[in-house]
Amino acid sequence: MSSAPAFLHAAWAAARRDWIRRWRDPLALAVWLGLPLVIGGLILLANGSRGGAAPRASVLVASHDQGFLADLLVQALSSERAGLIEAERVDEPDGRARLDRGEATALLVIPAGFSAAVWSETPTRLELVTNPSQRILPGLVEESVELLGELVFYAHRVLGDALRQASNAAFSGDELEVARAAVLAQRGLERIGPYVFPPALEVRASVRSAERPKRSLAAYFAPAMLLMALLFMAEGLADDVWRERQSGTLRRVVATPGGASASLAGKLVAGWALMLCVALVASGAAAVAFDCALWRAALGALWSSLVGAAFLALFTLVKLFAGTQRAASVLGNLLVFPLLMLGGSFVPFAAMPESLARIGRFTPNGWAVGLLDELLFGAFAPSTLALGAAGVLLTLLALAAACARRMNGAFARGAS
């Protein structure tokens, strides 16, 4: 059995050799880092470049009516879909020209006599011209205009007599007519009172005192993209054991004082150091882009690189039990892609259905992504981080021991 100094010397030599060799292959590093960037960029483009900001429908309103109901219609249209519809009063020729240039979602034309027609419940017509280059927002505007029409219909069913009386009072100026309209309105409200008072639904609004600030879609994807890059690196670095076996290097390594265990320890250390460099650069970029503290970025880099080293040991163990080098590559891909799909790399947990997100958080990388997200953007407990790091480190040591036993035994001899 080799002594501890000889083992450490052999492990350090192996780590140095692998470190130099990896940096002399920049193409592999570019592929491992570029693939997550390409996937993340495509996902962001598919979801829009505004970071999840709500779309706004711009409605141009050309009114030919002088009654106050026309102004009320414009206000109701803007408040009907709060924050989604913005109404602007324009002249009809200018509105049509702007709509032709694609500067608005729709043009609403209110005809003359609209207010009088609504008061007396006589037929009138609103003209709504929509932008054909937009798909979703014009439908939102149409639905809102139809809903306002429904409200007028039901208002007349309940308060129709009062509305007509109020219309007559407005034109005649007779105080007696005004009093009659008030009495009719009171009777209409008393008639529907048992059905609407108290309300069938009660809405309670609460404000959280420590609400998280809004984050862009890219910020939600950043932790998952970093873990995705490290998973690809771990899967690619794990192929090295088969390359050494095919070239005959592994047989010579087994005969050295440190044996395959020292070589494996060097590979894991070199892989962890390489992942730490990548994680530091990625976390630093996230700190600058998303205004996150540098100490958070440093903790996130340490955590993600430790997780990446554990995955490197896991992929190495899986590939050591493969029958051929090609089978080892297939097994690695069969393991990495389901983990990425369930672990929040392609769809953030915040955008997943809760049932699927609950499953994804129990996957190894999903759990790691969740803690990394808290490290970078949220509130985390130091005890949780310490326990998580201890668990990952123990898992890494157990996987490394299993890999060393396999490499020193049947794998080095060329047995399946």
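Predicted model: local features only at pLDDT ≥ 70, side-chain atom pairs only at ≥ 80, totals over all residues.
In total, 16 salt bridges were counted in the model. Lys319 takes part in a salt bridge with Glu235, with an N to O distance of 2.8 Å. Because Lys319 belongs to helix α12 and Glu235 to helix α8 (residues 217-237), this pair ties together parts that are 84 residues apart in sequence. A salt bridge also joins Lys319 to Asp239, at 2.7 Å from N to O. Here, too, distant parts of the chain are linked, since Asp239 lies in the loop between α8 and α9 (240-247) and Lys319 in helix α12, 80 residues apart. Lys319 is buried, its relative accessible area being 0%. Glu235, at 11% relative accessibility, is buried, and Asp239 is buried at 15%.

A salt bridge of 3.4 Å, N to O, is formed by the side chains of Asp240 and Arg243. These residues are three apart in helix α9, so about one helical turn separates them. Asp240 is buried, with 2% relative accessibility, whereas Arg243 is partly exposed at 35%. Both belong to a network of salt bridges that also includes Arg17, Asp18, Arg21, Arg22, Glu244 and Lys267.

Helix α12 (residues 294-320) and helix α13 (residues 325-342) have axes that come within 9 Å and cross at roughly 140 degrees. The two helices are therefore oblique to each other. The crossing of α12 and α13 is right-handed.

Ile20 lies in helix α1 (residues 4-23) and is partly exposed, with a relative accessibility of 31%.

Methods. Residues numbered from 1 in each chain as written. Heavy atoms only, no water. Helix = DSSP H or I, 4+ residues; strand = E, 2+ residues; numbered from the N terminus. Buried < 20%, exposed > 50% of the residue type's maximum accessible area, 1.4 Å probe, protein only. Axes fitted to C-alpha atoms, helices over the stretch in contact; angles between N-to-C directions. Parallel < 35°, antiparallel > 145°, perpendicular 65-115°, else oblique. Left-handed = near helix turned anticlockwise from the far one by under 90°. Salt bridge = Lys/Arg side-chain N within 4 Å of Asp/Glu carboxyl O.
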